[in-house]
Amino acid sequence: MKHDYLDKYSRLDSFVHRVDPRAKLICFFLAVAAVVSEPRGDITGFPFYYLLIFMLLAASRIPVVFVLKRCLIASPFIVMAAGVLPLSYVLSPSTSSLSPDVMLFHSLSILLKAYAAVILLTLLASTEKFHCLLNGLQKLKFPPILGIMSALMYRYIFILNDEMLRTARARKSRTPGKSRISRFRIYGNQAALIFLRAKKRAQDVYNAMLSRGFKGDFPEYNGLRWRIQDGLFSLVFLALYTGVRFGL
Amino acid sequence: MKDQQGTIDINNLWFSYEKDHPVLRGVNLSIKNQERFGIIGPSGAGKSTLLLHLNGLLQGKGEVKIGDREVKKDTVPEIRSRVGMVFQNPDDQLFNPTVEEDIAFGPLNMGLKPDEVKLRIKEALKEMRLEGFEKKASHHLSYGERKRVALATVLAMRPQIIAFDEPFSNLDPSMVEQLLHIIKELPATVVIVSQEIIPVVACCDKVAVLKEGKIVTTGPSYEVAKDKEMLRSCSLDFSIYESVCKKLFS
């Protein structure tokens, strides 16, 4: 079974990968905040933001195609949000007088902000192992329940995926050629079966965790160490982003 | 007193998942310290359900005692450090990114210091002949290796009792042989539930047969295995293997 599709490139070795997860979490979330808080319709800062993002991407050695695929997954939502905005302007009496150019720039800024955020978060998830990110969040004093929920969700996603692959294999092996029965009915049955089986396996996993003393939190094995390089990375990264954001 | 911590006493244990459909019906068992004890029975007999009671994962009516401690809500944390469970599917047991971190999970939950945890990881890997696997991802290992890692995760907790759920399923014959050897050497009381009589008889001193939630018989493993009539009545007939072996070695 394929088990590393979420943080697929987290095992690469680059200077971005080596940065402490806490530094990455702070930098990436503040970068997203800087990008998202750009005034609506103002796109002058985006070439710099994207330049910084692509420099990081190149340094991290994560394939651009992989990042583009991630963007593609988010595209329907982003394009819909950007596309609906001019329509809402036209329909609202207070904004209907805006010129088409302004509306276009507003839509464009939504597109640019959303894609920048998606790429930044993809970079974050791909340059750090998931459990290290959770560890970082825990150290940054995020509510522990969020960490536990994310960790369990991450574990159970694989179970769902496993069961989905198994049932799909069983279905394919018994539906040679084109199925005569309504495909939707088969898919419906398959989905129900996946959830039932996944529930059973999730319970088994949880039992296995309980039997080894799981009390609701994941103990830390390899403690995080903040090095000078992490501080430097954070300083430079944040200086660049705040510089662009506030036009320094 | 320490010698008694690996004993198991089950008295009149009843359990049901659904009302009026008991899975366990008044089970009584007594397992000695360091004994290798097999529980065999057909599918749906309640073997795995019984096993989950040893660790407090299920709690039915009746008494389950591990050493001098009764399994109750307030004793469960201590019981879980005494009774290690090796589940049927190793993938359910391994959820950390590396073998090392998976093995560390139990000892860390017991509150052990990092140096002690590292030592236990090293020892558990050595016992399972998995030296050098520390940094490997569990999902990149073969099924047999994952089974051994799952056992290592339990060994690192140094339990007084190790309970195996269907340990021989999906293993090739050489891996079964390896596992039998490992089980015989384990420094703990061992409880195995399985449908496969031959490997259970090969490694256990005593065997109990469970049918429809009741213990049908208990006794020395070879004596129980000789009672063909009783085994047939419990859908555990293995005469097909016997006849194949006779033909092979006559």
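## Before you start

What you're looking at is a predicted model, where local features need pLDDT of at least 70 and side-chain atom pairs count only at pLDDT 80 or more, while totals for chains, interfaces and linings use all residues. Residues are numbered from 1 along each chain as its sequence is written, and chains are lettered from A and ligands numbered from 1 in the order in which they are written.

Helices (H or I, at least four residues) and strands (E, at least two) are DSSP runs, numbered from the N terminus.

## Chain A: two helix pairs

Let's begin with helix α2 (residues 21-36) of chain A and helix α9 (residues 228-245) of chain A, whose axes come within 10 Å and cross at roughly 0°. Axes here are lines fitted to C-alpha atoms, for helices over the stretch in contact, and angles run from 0 to 180 degrees between N-to-C directions. That crossing is why α2(A) and α9(A) are roughly parallel to each other. Angles under 35 degrees count as roughly parallel, over 145 as roughly antiparallel, 65 to 115 as roughly perpendicular and the rest as oblique. Residues making the contact include Ala23(A), Ile26(A) and Leu30(A) of α2(A), along with Phe233(A), Phe237(A) and Tyr241(A) of α9(A); two residues are in contact if their C-beta atoms, placed from the backbone, lie within 7 Å. By class, this contact has ten nonpolar, two polar and two charged residues. For the classes, Ala, Val, Leu, Ile, Met, Phe, Trp, Tyr, Cys and Pro count as nonpolar, Asp, Glu, Lys and Arg as charged, and the others, Gly among them, as polar.

Next up are helix α6 (residues 130-139) of chain A and helix α7 (residues 144-173) of chain A, with axes that come within 9 Å and cross at roughly 170°. So α6(A) and α7(A) are roughly antiparallel to each other. On the α6(A) side you'll find Phe130(A), Leu134(A), Leu137(A) and Gln138(A), which meet Pro144(A), Gly147(A), Ser150(A), Ala151(A) and Tyr154(A) in α7(A). Six nonpolar and three polar residues make up this contact, with no charged ones. Among the buried residues of α6(A) are His131(A), Leu134(A) and Gln138(A), where buried takes 20 or more other C-beta atoms within 10 Å of a residue's own, exposed 12 or fewer, and partly exposed is in between, with C-beta atoms placed from the backbone. The cover over the buried residues of α6(A) includes α2 and α7 of chain A. Just after α6(A), Lys141(A) takes a positive phi of about 70°.

## Chain B: a six-stranded sheet

Over in chain B, an open sheet of six strands runs in the order β6-β7-β8-β3-β9-β10, with mixed pairing. Two strands pair if DSSP finds at least two bridges between them. At the edges sit β6 (83-86) and β10 (214-220) of chain B, each pairing on one side only. The twist averages 15° from one strand to the next. β6(B) pairs in the parallel sense with strand β7 (residues 161-165) of chain B over four bridges, and Gly84(B) stands opposite Ile162(B) in β7(B).

Strand β3 (residues 36-40) of chain B is mostly covered, with five of its five residues buried. Arg36(B), Gly38(B) and Ile40(B) are on one side and Phe37(B) and Ile39(B) on the other. β3(B) has five bridges in the parallel sense with strand β8 (residues 189-194) of chain B, and Ile40(B) has Ser194(B) as its bridge partner in β8(B). Four bridges also join β3(B) to strand β9 (residues 206-211) of chain B, again running parallel.

## Chain B: a four-stranded sheet

Another open sheet in chain B has four strands in the order β2-β1-β4-β5, with antiparallel pairing. Its edge strands are β2 (21-31) and β5 (69-70) of chain B. Helix α1 (residues 47-54) of chain B lies across β1, β2 and β4 of chain B, at about 60° to β2(B).

## Cores and the chain contact

The largest nonpolar core has 78 residues, and Leu54(B), Ala152(B) and Val191(B) are among those with the most contacts inside it. A nonpolar core is a set of buried Ala, Val, Leu, Ile, Met, Phe, Trp, Tyr and Cys residues joined through C-beta atoms within 7 Å. Helix α6 (residues 143-155) of chain B gives the largest share of this core, six residues.

Where do the chains meet? 18 residues of chain A are in contact with 23 residues of chain B, and helix α8 (residues 183-211) of chain A gives the most to chain A's side, with seven residues.
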